[in-house]
Amino acid sequence: METATAHNSPEPPQDSDSLFDAPPIAEQERMVEAVLFASTTPVTLRDLESRMPHGCDPRAALEHLRKRYEGRGVRVVRVGEAWAIRTAPDLGFLMQKEIVETRKLSRAAIETLAIIAYHQPVTRAEIEEIRGVSVSRGTVDQLLEMEWIRIGRRRMTPGRPVTFVVTPVFLDHFGLESARDLPGLKELRAAGLLENRPPPGSLPLGEGSDEDDEMGEQPELFGD
């Protein structure tokens, strides 16, 4: 009688990567902590995976780290599809520092702002006509960035040009109820927005370019 003999099938070859065991989860947690602490921007799981040794589980390490930081001064938080270490929300007040910053506007910006305030709504062409020189894009952009002016309605004229008006932020800065209570030169100087300049009339209005204007070669738009 023939007897069946058992033949052991050979084991499949192991992946060479599996020869190296992944670090313990505690060590993976330290790795994730180091990356998050040093990064200036939130870090994604994919980025963690690419940085850590083969076989690591950054998702599990993140979860361990998140739990370890619960109740501490900083927390591991999710930011969109990424992760970061951030100050605990209830301690955010400790990080606040109030600084009074004096910002001086260029002469071009001061005069452009004044024209908008006194003639609003006003178009760029009208501003240039009043000033006698062109208005650079940077001057308007600066005032828009400060939120002291905004774009108003378009004029129902050929080309439909946009107009500019002052904002509540501008009025609030100078303690005004409306544009009718506009500040004069003294108030602008007191706010640190205007330096002393040559007396009015030292140069005829309309000469020079916007660059000359910012270098201090234009007379004052308003008197004291």
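Reader: Is Glu-147 buried, exposed or partly exposed?

Author: Glu-147 is partly exposed, because its relative accessible area is 49%. Buried means under 20% relative accessible area, exposed over 50%, and partly exposed in between, with a 1.4 Å probe and protein chains only.

Reader: What kind of model is this, and how are residues numbered?

Author: This is a predicted model: local features need pLDDT of at least 70, side-chain atom pairs count only at pLDDT 80 or more, and totals for chains, interfaces and linings use all residues. Residues are numbered from 1 along each chain as its sequence is written, and side-chain values use heavy atoms, with hydrogens and water left out.

Reader: Back to Glu-147. Where is it?

Author: Glu-147 is in the loop between helix 6 (137-145) and strand 5 (149-151). Helices (H or I, at least four residues) and strands (E, at least two) are DSSP runs, numbered from the N terminus.

Reader: What about the phi of Glu-147?

Author: Phi of Glu-147 is positive, about 65 degrees, although Glu-147 is not a glycine. Most residues other than glycine have a negative phi, and most peptide bonds are trans.

Reader: And what is phi at Arg-160?

Author: Arg-160 is not a glycine either, and its phi is positive, near 45 degrees. Arg-160 sits in the loop between strand 5 and strand 6 (163-166). Arg-160 counts as partly exposed because its relative accessibility is 38%.

Reader: Which residues does the cis peptide bond join?

Author: The cis bond joins Gln-120 and Pro-121, with omega about -10 degrees. Pro-121 lies in the loop between helix 4 and strand 4 (122-123).

Reader: Switching to helices. At what angle do helix 4 and helix 5 cross?

Author: The axes of helix 4 (residues 107-119) and helix 5 (residues 124-131) cross at roughly 115 degrees and come within 10 Å. So helix 4 is roughly perpendicular to helix 5. Angles under 35 degrees count as roughly parallel, over 145 as roughly antiparallel, 65 to 115 as roughly perpendicular and the rest as oblique. Axes are lines fitted to C-alpha atoms, for helices over the stretch in contact, and angles run from 0 to 180 degrees between N-to-C directions.

Reader: Which residues meet there?

Author: From helix 4, Ala-108, Glu-111, Thr-112, Ile-115, Ile-116 and His-119 meet Ile-127, Ile-130 and Arg-131 of helix 5. Contact means heavy atoms within 4.5 Å.

Reader: Now strands. How many bridges join strand 2 to strand 3?

Author: Six bridges join strand 2 (residues 74-79) to strand 3, and the two run antiparallel. Two strands pair if DSSP finds at least two bridges between them. Arg-75 stands opposite Arg-86 in strand 3.

Reader: What sits in the turn of that hairpin?

Author: Two residues lie between strand 2 and strand 3 in the hairpin, and Gly-80 in the turn has a positive phi of about 65 degrees.

Reader: How does strand 1 pair with strand 3?

Author: Strand 1 (residues 43-44) pairs with strand 3 (residues 82-87) in the antiparallel sense, over two bridges. Thr-44 stands opposite Ala-82 in strand 3.

Reader: Last residue. Is Phe-170 buried or exposed?

Author: Phe-170 counts as buried because its relative accessibility is 3%. Phe-170 is in helix 7 (residues 168-173). Phe-170 and Ala-117 are 53 residues apart in sequence and 9.4 Å apart in space, C-alpha to C-alpha.

Reader: And the chain overall, how many helices and strands?

Author: The chain has nine helices and six strands. Buried residues make up 33% of its 224 residues.
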